[in-house]
Amino acid sequence: MRIPDSIFSHLKILVLESSDSLRKTLVMYLKVMGVAHIAEAANGQQALLLLETNAHLFDFTICDLRMDVMDGFEFLRCAPRARIGRVIIATALEDDFLSAAEEIVLNYGLRLAGRLTKPIDFLRLKNLIATASNKPKAKYVFRKRLPFQCWTIADLSTALQRGQFVPYFQPKLDFLTRKPIGVEVLARWMHPDQGMISPSQFIPLMESAGLIDWLTVELLHNVLDCTKKWYSARPEISISFNASPLTLEKSAIPNQWLGIVKEHNVSPERIKIEITETALPKDYKSLLESATRLHMHGFGLSLDDFGTGYSSLQLLSQIPFSEIKIDQSFVAAARNNKRSVVILNAIVSLARNLDLQTVVEGIETESDAVFFQQLGFDLGQGYHLAQPMAGDDLMRWLSAQQSVPLSGAEARFTPSQYIPR
């Protein structure tokens, strides 16, 4: 009798497949792998009924997309996410369709383990399940916290008054040399009860409540205080700072920021302002004026999340940017989507013709780094290269890069605490 592989022996998997023969083959293969509990359904309605009557919480759902009665998309949209676990989508349609399907599944808020094309490669299926089951857990465990809608304006104002918002730094590395050439500043809320809170939990509310300017000024002072510790030793390291368009539409901002930089004796040429599209400006002309004046005084300008906003090309054509940042969604798409690769090649060509530096966010593996280097992108940023870190961790990390060759695994650094952006 075969002894089940310990990786699979505890798993519970739902197989949702319209073809009777393929469904039976999938179930048989999963049994051979040693999966503990397997349930099956021929369409979305059957699967929903099964979820209502089955006490199990599934670890994985293998979901056919093209089905009669209720297709895979309808099922995944309606299914309780806590019960279906990670999703593996399967279809005989072309790669472009699969890429769109992946995006839809992620928009449902589901965890996507991967995709399969038909006829199904069973070794790939096994590898997808094994990889997803063995993903390492984060080294820093966060306490459960409230969604950002539950924070009041008074909560955020008090936190600002008490200096609870601090900067974290994520390095940007040259793809070719793997040396750091800059850091991006990321806001963190050190809440006394809830622990460390990511910006997605408070930035939108701060923008709508009119507190984002206050936060930006506080962080800028804090960042420049931190950089004094390594400013003279590492003059080549630039500081990238996110700015909301709602802040930049105010005509007083260029003078205010220039005054803060001069107060800390830091050259504006060391600072890059990353213009984000988290909130659309009410006054585009004022945004254009502020950005241009900041550039005139020496600040660098970076267009963040290029290619994901409605106005990226308009901004690029009118504002004197020196850098564009490619959103991490392109990194995931480029692995399987030919269209994304064509678009990325076009972006590289566009950047070269406009004399712009290119940065790719979301580099999670060495293959990602090599792939984008070969495409011709300049800089990379992501957890494979370096995680966001506090100021003291950044100092140690920069010192370490000067004493050891910086390539592959040696380029990575794990600070004591971190949180995703």
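Guide: Two strands pair if DSSP finds at least two bridges between them; strands (E, at least two residues) and helices (H or I, at least four) are DSSP runs, numbered from the N terminus. This is a predicted model, in which local features need pLDDT of at least 70, side-chain atom pairs count only at pLDDT 80 or more, and totals for chains, interfaces and linings use all residues. Residues are numbered from 1 along each chain as its sequence is written, and side-chain values use heavy atoms, with hydrogens and water left out.

Visitor: Which residue of strand 13 stands opposite Ile326?

Guide: Val360 does. Strand 12 and strand 13 (residues 357-361) run parallel, joined by four bridges.

Visitor: And what joins strand 12 to strand 11?

Guide: Three bridges, again in a parallel arrangement, with strand 11 covering residues 300-306. Phe306 stands opposite Ile326 there.

Visitor: Which way do the residues of strand 12 point?

Guide: Glu323 and Lys325 point one way, Ile324 and Ile326 the other. All are buried, meaning under 20% relative accessible area, where exposed is over 50% and partly exposed lies in between (1.4 Å probe, protein chains only).

Visitor: What is Phe377 in contact with?

Guide: Leaving aside neighbours within four places in sequence, its contacts (heavy atoms within 4.5 Å) include Ile326, Val360 and Phe372.

Visitor: Changing topic: where does Leu354 lie?

Guide: Leu354 is in the loop between helix 15 (338-353) and strand 13.

Visitor: Why does Leu354 count as partly exposed?

Guide: Because its relative accessibility is 43%.
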